[in-house]
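Hi,

Here is the structure I promised to pass on.

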Amino acid sequence: ISMNWPTKKTEQLIKAGKLRHGGNPCLRWQFSNVAVTYDSAENIKPDKKKSEQKIDGAVASIMAIAGWWPFQEEPELEEPCLLFI
């Protein structure tokens, strides 16, 4: 599975304030550790080698969005889209 669009969608949700994780300090810390790799086509993905600390929870969240988002009909960003606890 390509990590490009789910990583971009996750970034969009975070910037819009639409990704809620219930104040989980571990997940917040892991998202703050994420470094990304760009290829020549401007595709992005999280890069564990570039990230200085753990990012497993953030990557799992991005993968969850990849599995969840395509099943949404007319996804809206007006309301919180996903809750991670």
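**A loop residue to start with**

Glu-42 sits in the loop that links β2 (36-38) and β3 (44-46). Strands here are DSSP runs of E with at least two residues, helices are runs of H or I with at least four residues, and both are numbered from the N terminus. Glu-42 is not a glycine, yet its phi is positive, at about 65 degrees. For background, most residues other than glycine have a negative phi.

Before going on, a word on the model: it is predicted, so local features need pLDDT of at least 70 and side-chain atom pairs count only at pLDDT 80 or more, while totals for chains, interfaces and linings use all residues. Numbering runs from 1 along each chain as its sequence is written, and side-chain values use heavy atoms, with hydrogens and water left out.

**The overall picture**

The protein has three helices and four strands, and along the sequence they follow the pattern α-β-α-β-β-α-β. Of its 85 residues, 35% count as buried (buried means under 20% relative accessible area, exposed over 50%, partly exposed in between, with a 1.4 Å probe and protein chains only). Among contacts with a separation of 6 or more, 59% are between residues 24 or more positions apart; contact means heavy atoms within 4.5 Å.

**How the helices meet**

How do α1 and α3 cross? The axes of helix α1 (residues 4-15) and helix α3 (residues 56-68) come within 9 Å and cross at roughly 105 degrees. (Axes are lines fitted to C-alpha atoms, for helices over the stretch in contact, and angles run from 0 to 180 degrees between N-to-C directions.) That makes α1 and α3 roughly perpendicular, the label for 65 to 115 degrees; under 35 is roughly parallel, over 145 roughly antiparallel and the rest oblique. From α1, Trp-5, Pro-6, Thr-7, Lys-9, Thr-10 and Leu-13 meet Ile-62, Ile-65 and Ala-66 of α3.

α2 also packs on α3, at an angle of about 90 degrees with the axes 7 Å apart, so this pair is roughly perpendicular too. Here Leu-27, Gln-30 and Phe-31 of α2 meet Asp-56, Gly-57, Ala-58 and Ser-61 of α3.

Which residues of helix α2 (residues 25-33) are buried? They are Leu-27, Gln-30, Phe-31 and Asn-33. These cover an arc of only 155 degrees around the axis, so they lie on the same side of α2 (the arc is that of the directions from the helix axis to the C-beta atoms). Their cover includes α1, β1 (19-20) and α3. Pro-25 and Ser-32, on the other side of α2, are exposed.

Thr-7 is in helix α1 and counts as buried, at 6% relative accessibility. Its C-alpha is 6.9 Å from that of Ile-44, 37 residues apart along the chain. Leaving out residues up to four places away in sequence, Thr-7 touches Val-36, Ile-44, Lys-45, Pro-46 and Ile-62.

Thr-37 belongs to strand β2 and is partly exposed, with a relative accessible area of 22%. With residues up to four places away in sequence not counted, Thr-37 touches Asn-43, Ile-44, Lys-45, Asp-47 and Lys-50.

Cheers
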